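Please keep the sequence and the three-dimensional view at hand while reading.

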Amino acid sequence: MSAAGSSNPEFVVARVRARRGQLYGDEEYRKLVRMTPAEIARFMEESSYETEVNALGSRHGGVDLIEYALNANLAKQFEGILDWSEGSLYDLIARYLRKFDAWNVKTVIRGVYTGASQEAIEVDLIRAGEFDDRRIRRLLEADSIEAVVEALEDTIYGEPLRAAYAEFEESDVLVPLENAVDRAFYERLLENLPGGEPIRQYEAFLKAEVDFRNATNALRLARSGAEIDPAEYFIEGGELFTRDTLARLARNVDELVEYIAESQYADELGPALRELEEVDSLIAFEHATDAALLAYGDRLGTIHPVSVTPVISYILAKERETENIRAIARGKEAGLSADEIESELVIT
Amino acid sequence: MLEATNELGNAVLSTGGTLTDPSAAAALAVGLAALGAGYAERGIGSAAVGAMAEDDDLFVNGLILTVLPETIVILALVVVFIV
C-alpha cells in the first residue's frame with residue numbers, strides 16, 4: 001500500500017504462510033517430471049494456477065502457456081504481498097521485489113534493441129515490482145532506447161541509465177546499460193536498512209545473495225577466460241569479495257574455488273565446490289548457491305516469525321517453484337528424461 | 001504544570017490517596033489487564049483475518065485464538081471480588 005504508518009507483519013505473514021502451504025512439494029514434482037507439457041498445464045489448472053491458466057489458455061498452448069501462466073501468477077502473488085503490506089514492512093519487501101523492475105527494464109531495453117514487437121516484449125515482462133501499469137505502458141510504447149531512458153527519468157534507474165546511455169551510443173553494446181540497471185538495484189537493496197534483529201538477519205541474507213552473485217559471475221569469467229575486466233561486473237555490498245580481490249581471483253579458477261571454500265559459506269557450498277573440481281560443471285555450483293539461499297530463507301522464516309523474514313522466505317520459495325516448473329516444462333519440450341530433469345530441479 | 005501536579009499529589013496524599021484505596025487499585029488492575037488483552041488481540045486478530053482471507057475454513061480457529069487473551073481480563077476480574 002504505502003511506506004507510511006506502522007507495519008502489519010502479522011496479517012501479511014499469516015497470508016503468506018497459508019500460500020506457502022499451497023506450493024508444490026516433492027510429491028508433486030515427482031509427478032510433474034513424468035507429465036507432458038499439456039498434462040502439466042492441466043495439473044497447474046487444478047492447483048493454485050487456475051485463474052492464469054484459464055485466462056491464457058485460449059491464446060497460448062503447450063510450454064508457452066505454462067511459462068506465461070507462471071509469470072502471471074508470480075506477478076499476481078507478489079503484487080498482492082506489496083498491496084497488503086504497510087509501513088516499514090512495505091519498504092523492506094519492495095526493496096527485494098524491485099529486482100523485477102530491473103528485470104523488466106532490461107527486457108524492454110533488449111526488446112527495443114533487437115526490434116521485437118510490443119506484444120512480444122509485453123508477454124516477457126513480470127509485473128511484480130513497484131512500477132505501475134502507466135509506467136510499464138510508457139516503457140512498452142518507447143520506440144528507441146533513448147525513449148526508454150527518458151521514461152525512467154524520475155526513477156532510481158534514471159541517473160545511472162542516463163550516464164550509461166552515452167557509453168552505449170559510442171559502443172552500441174547493451175552491457176553498460178544492463179550493468180547500470182543491476183547496480184542501481186543492488187545499491188538500493190542494502191541502503192539505509194533500519195535497525196533491529198530481524199532486519200540484521202534479512203541483511204545477512206541479502207549480502208549472501210550479492211556474494212553468491214559475485215561468486216557465480218567470477219567463476220564464469222574465470223572459466224571462460226574472456227578478456228573482460230571482472231571489476232566491471234562487481235556488485236557492491238557483499239561481504240565475501242571486494243572489488244580488488246574479485247579482480248585478482250577471477251583470473252584463476254583454482255584460487256577462486258579455494259577462496260570460496262575457506263569463506264563463511266564453506267558449509268553450504270563445500271560439496272558443490274568439490275563437484276565443480278571433479279566434473280568441471282558450473283551448473284552444480286549455481287544450483288548449490290540457489291539451494292543454500294533457499295535453505296537460508298527457510299531458516300530465516302522460523303527464527304523471527306513476526307517480521308519481514310517469513311515473507312522473504314516465501315518469495316524465494318515461490319520464485320524457486322516457478323523456476324522448477326519452467327525447467328520441467330522446457331526439459332520435457334527438449335525431450336530430456338525424467339532423471340535428467342530431476343537433476344535440474346532445486347528442491348529443499 | 002509540574003508544580004500543579006505536585007500540589008495535586010500532595011492534596012491526594014493528605015486526603016488519604018486514591019491508589020491506596022483497594023477498590024481503586026482493583027479497578028486499575030482490571031483496566032491494565034484489559035489494555036494488555038487488547039494489545040495481544042491486535043496481533044492475533046490481524047493474523048487471523050489474514051489466514052481467513054486465504055482459507056474460509058479457518059474462521060472458527062481464528063475466532064477462538066483471537067479471543068483467548070480475553071481470559072487475562074477475566075482473571076483480573078477475580079481481583080475485584082477478593083478486595
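A residue is called buried if 20 or more other C-beta atoms lie within 10 Å of its own, exposed if 12 or fewer do, and partly exposed in between, with C-beta atoms placed from the backbone. Helices (H or I, at least four residues) and strands (E, at least two) are DSSP runs, numbered from the N terminus. This is a predicted model, in which local features need pLDDT of at least 70 and side-chain atom pairs count only at pLDDT 80 or more, while totals for chains, interfaces and linings use all residues. Residues are numbered from 1 along each chain as its sequence is written, and chains are lettered from A and ligands numbered from 1 in the order in which they are written.

The model scores ipTM 0.71 and pTM 0.82. For single residues, the predictor's confidence is expressed as pLDDT, from 0 to 100. Chain A has a mean pLDDT of 82, and 96% of its residues reach 70 or more. Within chain A, helix H15 (residues 266–279) has the lowest confidence, with a mean of 73, whereas helix H1 (residues 9–21) has the highest, at 90. For chain B the mean pLDDT is 84, and 78% of its residues reach 70 or more. Here the lowest confidence falls in helix H1 (residues 2–14) of chain B, with a mean of 60, and the highest in helix H3 (residues 59–67) of chain B, at 93. Where pLDDT is low, the predicted coordinates should not be read in detail.

Consider chain A as a whole. It contains 18 helices and 0 strands. The radius of gyration of chain A is 20 Å, close to the 20 Å that the globule rule gives for 348 residues, so chain A is as compact as a globular protein of that length. This radius is taken over C-alpha atoms, and the globule rule is 2.2 Å times the number of residues to the power 0.38. Along the principal axes, the C-alpha atoms of chain A fill a box of roughly 50 × 45 × 45 Å. Of the 348 residues in chain A, 37% are buried. Two residues are in contact if their C-beta atoms, placed from the backbone, lie within 7 Å. Among contacts in chain A between residues at least 6 apart in sequence, 64% join residues at least 24 apart.

Individual helices of chain A can now be examined. The expected span of a helix is 1.5 Å times one less than its number of residues. For the 13 residues of H1(A) this span is 18 Å, and the end C-alpha atoms are 18 Å apart, which agrees. The buried residues of H1(A) include Pro9(A), Phe11(A) and Arg15(A). What do the buried residues of H1(A) pack against? They pack against helix H5 (62–84), helix H6 (87–114) and helix H17 (309–333) of chain A, together with helix H2 (22–54) of chain B.

Helix H11 (residues 175–189) of chain A has 15 residues and should span 21 Å; its end C-alpha atoms are 21 Å apart, in agreement. Among its buried residues are Pro176(A), Leu177(A), Phe185(A) and Tyr186(A). The buried residues of H11(A) pack against H6, helix H10 (158–171) and helix H12 (197–224) of chain A.

Leu74(A) lies in helix H5 of chain A. Why does Leu74(A) count as buried? It is buried because 21 other C-beta atoms are within 10 Å. Leu74(A) touches Ile126(A), Ala128(A), Lys318(A) and Thr322(A), not counting residues up to four places away in sequence. Leu74(A) and Lys318(A) are 244 residues apart in sequence, yet 7.4 Å apart in space, C-alpha to C-alpha.

Chain B has 4 helices and 0 strands. Buried residues make up 10% of its 83 residues. The UniProt annotation "transmembrane region", from an unreviewed entry, covers residues 58–82 of chain B; such annotations are given in the numbering used here with shortened feature names, and may be inferred rather than shown by experiment. Over residues 58–82, chain B is 88% helix and 0% strand, and the end C-alpha atoms are 39 Å apart.

Finally, the two chains touch. The contact takes 9 residues from chain B and 9 residues from chain A. On the side of chain B that touches chain A, the residues divide into 4 nonpolar, 3 polar and 2 charged. Here Ala, Val, Leu, Ile, Met, Phe, Trp, Tyr, Cys and Pro count as nonpolar, Asp, Glu, Lys and Arg as charged, and the others, Gly among them, as polar.
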